[in-house]
Amino acid sequence: MLINLKKAKEFLDPPKILVMGFAALILIGSYLLTLPISTEDGNGLSFLNALFTSTSATCVTGLVVVDTETTFTKFGELVILSLIQVGGLGFMTFATFFFFLLGKKISLKSRLLLQESLNNLSMAGVVRLVKRILIFTAVIEILGAVILSIRFSFDMPIGKAIYYGVFHSISNFNNAGFDLMGEFRSLTPYAEDPIVTLTVAALITLGGIGFIVMNELYEYHDTHRLSVHTKVVLLTSLILTIGGAILIFIFEYGNVKTLQPLSYAGKVLSSLFQSVTPRTAGANTLNIPDLTQPTLLLIIFLMFVGASPGSTGGGIKTTTLATLIGTAWTQIKGKEDVVLFRRRIVIETIFKALTVTIIGLFLVLTITMLLTITESGRDFLMILFEATSAFATVGLSMGLTPELSPIGRILIIFTMFAGRLGPLTIAFAIAMRRKPDPFRQPKGKIMIG
């Protein structure tokens, strides 16, 4: 009996619990969306469409096979919104919140799960971090909802404006990209509106930099220092956002279907927004299928990189990109140590960055290859765009999502799930419990390059 309990504890390590927890949440959401009360026609969604929608919401992706505004009742929309909120912050964060309400202590195993789900480097202070996360989330989402509600009130009745404000604030802070504008339009009607564009871009950015970074910025007035992690996240995010906006502005300036008809201010706003949203929100103010091929390739790259660790976004993460670039630069200069902000990056971090990137590339290319079979006749760039968007939990699409075959939908469901939990978490959950090697093999040399 004791042996069985020990084996059960070893089996239920943090990665496996996170995988099973998210799977359970997705199945609950799927069931609720199949209920007649969830859809306007009173029939409920088919199970496959419900599973796709629930996975997309829980994994804060935003890819949709049915139009959210015209398909779902208020009940169905609230189910989706709840899945976005719980999926974005992580079910362990919400479980801890209820522990707080009940006055219960957080066990060691719960702290380990929190550390894993938040991708935190240490278990120390993780409960305090969760409290801060809940406060940050409430403040930011309420502020975003107020601003958007006031703006939407000029276009619709006040009650509807408040509801839309709350929905889009929660959806975009959690980098989900679900919207209620109808007809798969996303935020294209507000392409030249600075209030909606900048507010949503700010929500996406705050949700994507990670709660660890947010917490350090909050404490900066007391500590007057930032960790190398926070510096790397902020600098990489800034470069990707500004660089992406400049390139989109250049690539789309003369495109009569996107930027060309807009005012100069509208061109700048749309370029900036379309650079922010691949990181990994899924809202858009420009019609994605009308973008030029250089812009689409740029967005694929931005989606693959994604947000930052410990955030509501996906992708290989900004810190992974920075580590890989730092490693390449170190090799070019002929030096031994990878140094970022005068700090030597340990070899374990470099190995992890390489592993995450290789697994991510392998997953995207494999899913793309399979989709070229199941969705034969479709443009290759459209398929690659879809696979990358699902892996990075972005939600942008060139229009393929609603037309996916049943097998294609299953492939995208798996990709969204793997992308939200992270390639390493999935790998550790599937693999046997890791054990240290009893001995080391002799050195071998191979030629590279």
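User: Great. How many helices and strands are there in the protein?

Analyst: This is a predicted model, and the protein has 19 helices and 2 strands. Of its 449 residues, 55% are buried. Among contacts with a separation of 6 or more, 69% join residues 24 or more positions apart.

User: Now the helix pair. At what angle do α11 and α12 pack?

Analyst: Helix α11 (residues 211-223) and helix α12 (residues 228-252) pack at about 105 degrees, and their axes are 10 Å apart. Angles of 65 to 115 degrees count as roughly perpendicular, so α11 is roughly perpendicular to α12.

User: Which residues in α11 and α12 meet?

Analyst: On the α11 side they are I212, V213, E216 and L217, and on the α12 side H229, T230, V233 and L234. By class, that contact has 5 nonpolar, 2 polar and 1 charged residues.

User: Switching topic: is I204 buried or exposed?

Analyst: I204 is buried, because its relative accessible area is 1% and the cut-off for buried is under 20%. You will find I204 in helix α10 (residues 194-209).

User: And what is I204 in contact with, leaving aside its neighbours within four places in sequence?

Analyst: I204 is in contact with N172, N175, F273, V276, T277 and A281. As for T312, 108 residues separate I204 from T312 in sequence, while their C-alpha atoms are 9.2 Å apart in space.

User: Pockets next. How much space lies in the second largest pocket?

Analyst: About 390 Å³. There are 24 residues lining the second largest pocket, and those nearest its centre are V64, F184, N284, G395 and S397. The lining divides into 9 nonpolar, 12 polar and 3 charged residues.

User: Last one: how accessible is F341?

Analyst: F341 counts as partly exposed, at 37% relative accessibility.

User: Thanks, that helps!

Terms used: Residues are numbered from 1 along each chain as its sequence is written. This is a predicted model: local features need pLDDT of at least 70, side-chain atom pairs count only at pLDDT 80 or more; totals for chains, interfaces and linings use all residues. Side-chain values use heavy atoms; hydrogens and water are left out. Axes are lines fitted to C-alpha atoms, for helices over the stretch in contact, and angles run from 0 to 180 degrees between N-to-C directions. Helices (H or I, at least four residues) and strands (E, at least two) are DSSP runs, numbered from the N terminus. Angles under 35 degrees count as roughly parallel, over 145 as roughly antiparallel, 65 to 115 as roughly perpendicular and the rest as oblique. Contact means heavy atoms within 4.5 Å. Ala, Val, Leu, Ile, Met, Phe, Trp, Tyr, Cys and Pro count as nonpolar, Asp, Glu, Lys and Arg as charged, and the others, Gly among them, as polar. Buried means under 20% relative accessible area, exposed over 50%, partly exposed in between (1.4 Å probe, protein chains only). On a 1 Å grid over the protein atoms alone, a cavity is a set of points where a 1.4 Å probe fits but cannot get out, and a pocket is an open set with protein on both sides within 12 Å along at least five of seven lines; lining residues have an atom within 4 Å of a point. Grid points are joined across faces, edges and corners, and a volume is the space filled by probe spheres set on the points.
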